[in-house]
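Me: Please take me through the aromatic pairs, helix packing and backbone features of this structure, one question at a time.

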Amino acid sequence: MDEKNGKSQSKPSNSRRNFIKSASVAAAGFYIVPRHVLGGTGFTAPSDKLLIAGVGAGGKGGDDIRKFAEAGNAEIAFLCDVDDRQAKKNRKLFPKAKYYKDWRELFDKEGKHFDAVSVGTPDHTHAIVAFNAMKMGKHVYVQKPLTHDIHEAYMLGEAAKKYKVVTQMGDQGSSNDGIRILKEWYEAGLIGEVHTINCWTDRPVWPQGIKWPNQKPPVPAGLDWDLWLGTAPYREYEDMVVPFNWRGWWDYGTGALGDMACHIVGPVFKVMELGFPTDVNCSVSTPYVDNFKAGYFPDSAPLSSSVHFTYKGKNGEEIKLNWMDGGIQPERPEELGPNEIMGGHNDLGNGVIFEGTKGKMMCGVYGDDAQLLPTSRTEEVNVPQKYKRIPGQAEGHYKQWVDACIAGYGKQEVDSPFVGYAVPLTQSILMGNLAIRSFNYRKEVNGKITYPGRGITLEWDGVNRRVTNFEAANQYVKRNYREGWPDLKL
């Protein structure tokens with residue numbers, strides 16, 4: 001018996017047993033053939049409808065499912081959620097969609113009856129669901145951030161290349177016009193060569209920098225807590241984790257940086273065509289629980305942090321990217337009037353400022369509210385449109401993926417493919433979390449607590465996915481999955 005959850009470990013459930021068997025077969029190269037190849041009785045031609053299985057039927061995942069249905073050429077064929085309460089709305093909206101609690105059972109039993117998978121689960125289960133869907137030949141749409149750790153992001157990129165499926169990360173703002181406007185301005189030379197970029201957010205808007213609670217309330221009816229934990233270590237259920245606050249706990253979420261950087265740093269990656277950072281350092285807020293007594297809560301992301309990345313530009317030039325969260329903002333540019341809003345107008349507290357050799361430009365989250373500085377320049381310039389706009393912008397992000405899936409691999413472009421964009425962006429963001437977690441890494445030396453990850457810069461080998469000058473940081477590159485959840489293997 002497992003002493004922590006009272007469940008026998010000697011006889012795995014049918015879904016777990018079948019899933020492990022299926023995963024082993026797929027690893028040997030015999031993955032399930034997509035239904036658009038099989039055809040057969042009741043088959044709907046892919047040119048008419050994309051049959052989608054939605055894993056994560058509530059929250060943002062549930063919203064994604066509704067957006068796919070609104071695209072007009074997709075059908076929600078299956079719904080899956082470990083929490084019946086979260087799935088309630090979409091089960092009513094899509095009564096014909098068969099419902100499962102365990103995605104492994106869904107894949108085992110229904111693999112021939114859907115074409116694509118939408119993954120809208122908490123961060124810690126993104127990769128394992130998407131990876132196994134791709135091994136079955138299914139197209140995948142995965143909410144941001146793409147993965148929970150750097151190794152997972154790499155594996156999803158490799159799987160996308162091997163299994164040749166259409167992929168899209170759920171950073172819908174990447175389909176907005178603002179990013180294209182910024183890129184056109186930059187490439188027209190309006191601000192010269194960019195050397196510094198400041199990015200900031202007011203998140204977290206959930207508890208962080210706190211101690212794990214120890215109340216042990218009963219598990220709510222309808223929630224399968226063990227399934228919700230998935231790949232993460234076992235813990236007793238706590239109310240403050242599900243359905244939203246998991247974002248602040250390292251076992252499940254990726255903190256403010258992981259939650260928001262795809263929407264804020266993502267536009268920077270689009271404009272500047274960045275790759276891996278060469279190094280990163282940070283500072284992190286310290287919670288005090290009494291006079292001169294610092295709290296130490298390694299399970300939780302910090303209340304605020306400031307992270308500094310170094311990149312190489314296309315011509316080898318050095319580019320500094322500074323990230324601030326928890327409400328911390330950079331110094332206001334002198335070109336901005338005292339009553340002008342810094343950053344975006346639609347989502348106050350978030351923004352980006354590009355500093356170039358000839359000027360500056362700024363935007364809000366998703367690249368919205370793009371402006372040159374001083375802002376009077378914005379109306380004065382007339383740069384020709386160079387990049388195609390996406391009909392519906394963020395709303396069109398969903399239809400773009402559906403259309404690309406129907407067309408087939410390699411036939412149509414999407415804005416956030418894993419290979420070339422979502423994977424390097426995700427790995428870069430998670431490199432920042434590597435620095436944050438290293439900052440709070442502590443060890444005891446001769447009876448004294450030390451923090452060897454503080455006050456240093458982590459040097460990053462992007463090709464081999466390793467920190468080269470602080471070995472303790474590498475424990476966060478790849479986490480170990482809980483027993484019963486197989487590692488990602490091609």
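The questions and answers below concern a predicted model.

Me: How many aromatic pairs are there in this model?

Reply: Two rings of Phe, Tyr or Trp are taken as a pair if their centres lie within 6.5 Å. By this rule, the count of aromatic pairs comes to 19.

Me: Is the aromatic pair of Tyr 141 and Tyr 398 stacked or edge-to-face?

Reply: The ring centres of Tyr 141 and Tyr 398 are 5.7 Å apart, with 25° between the planes. Planes under 30 degrees apart count as stacked, whereas those over 60 count as edge-to-face. The pair of Tyr 141 and Tyr 398 is therefore stacked.

Me: How many residues apart in sequence are the parts that Tyr 141 and Tyr 398 tie together?

Reply: Tyr 141 belongs to strand β5, residues 139-143, while Tyr 398 belongs to helix α12, residues 396-407. Because the two residues lie in these elements, their pair ties together parts whose separation in sequence is 257 residues.

Me: What is the geometry of the aromatic pair formed by Trp 206 and Phe 244?

Reply: The centres of the Trp 206 and Phe 244 rings are 5.9 Å apart, and the angle between their planes is 75°. Trp 206 is in the loop between β7 and α9, and Phe 244 is in the loop between α9 and α10, so the pair links distant parts of the chain, 38 residues apart. Since planes over 60 degrees apart count as edge-to-face, the geometry of Trp 206 and Phe 244 is edge-to-face.

Me: Is Phe 244 buried or partly exposed?

Reply: Trp 206, with a relative accessible area of 5%, is buried. Phe 244 has a relative accessibility of 37%. Buried means under 20% and exposed over 50%, so Phe 244 counts as partly exposed.

Me: Which Arg lies over the face of Trp 212?

Reply: Trp 212 forms one aromatic cluster with Trp 225, Trp 228, Tyr 237, Trp 249 and Tyr 252. At 4.3 Å from the ring centre of Trp 212, over its face, lies Arg 235.

Me: Are helices α6 and α7 roughly parallel or roughly antiparallel?

Reply: The axes of α6 (residues 126-135) and α7 (residues 150-163) come within 9 Å and cross at roughly 15°. Their crossing is left-handed, and the contact includes Ala 127 and Phe 131 of α6 as well as Met 155 and Tyr 163 of α7. Angles under 35 degrees count as roughly parallel, and α6 and α7 are therefore roughly parallel.

Me: Are α8 and α10 roughly parallel or oblique to each other?

Reply: The axes of α8 (residues 177-187) and α10 come within 9 Å and cross at roughly 40°. α8 passes α10 in a right-handed crossing, where Ile 179, Leu 182, Lys 183 and Tyr 186 in α8 meet Pro 267, Lys 270, Val 271 and Met 272 in α10. Angles under 35 degrees count as roughly parallel, and α8 and α10 are therefore oblique.

Me: Is His 263 buried or exposed?

Reply: His 263 is placed in helix α10. Among the residues that His 263 touches are Lys 144, Asp 171 and Tyr 366. With a relative accessible area of 6%, His 263 is buried.

Me: What is omega for the cis peptide bond that joins Lys 144 and Pro 145?

Reply: Pro 145 has its place in the loop between β5 and α7. The peptide bond joining Lys 144 to Pro 145 is cis, with an omega of about -15°.

Me: What is omega for the cis peptide bond that joins Leu 373 and Pro 374?

Reply: Pro 374 is in the loop between β15 (371-373) and α11 (376-380). The bond from Leu 373 to Pro 374 is cis, and omega is about -5°.

Me: What is the phi of Tyr 366?

Reply: Tyr 366 lies in the loop between β14 and β15. Tyr 366 is partly exposed, with a relative accessible area of 24%. Although Tyr 366 is not a glycine, its phi is positive, at about 70°.

Definitions and conventions:
Residues are numbered from 1 along each chain as its sequence is written. This is a predicted model: local features need pLDDT of at least 70, side-chain atom pairs count only at pLDDT 80 or more; totals for chains, interfaces and linings use all residues. Side-chain values use heavy atoms; hydrogens and water are left out. Rings of Phe, Tyr and Trp (its six-membered ring) pair if their centres lie within 6.5 Å; planes under 30 degrees apart count as stacked, over 60 as edge-to-face and the rest as tilted. Helices (H or I, at least four residues) and strands (E, at least two) are DSSP runs, numbered from the N terminus. Buried means under 20% relative accessible area, exposed over 50%, partly exposed in between (1.4 Å probe, protein chains only). A charge sits over a ring if NZ of Lys or CZ of Arg is within 6 Å of the ring centre and within 35 degrees of the ring normal. Axes are lines fitted to C-alpha atoms, for helices over the stretch in contact, and angles run from 0 to 180 degrees between N-to-C directions. Angles under 35 degrees count as roughly parallel, over 145 as roughly antiparallel, 65 to 115 as roughly perpendicular and the rest as oblique. A crossing is left-handed if the near helix is turned anticlockwise from the far one by less than a right angle, and right-handed if clockwise. Contact means heavy atoms within 4.5 Å. Lists of a residue's contacts leave out its neighbours within four places in sequence.
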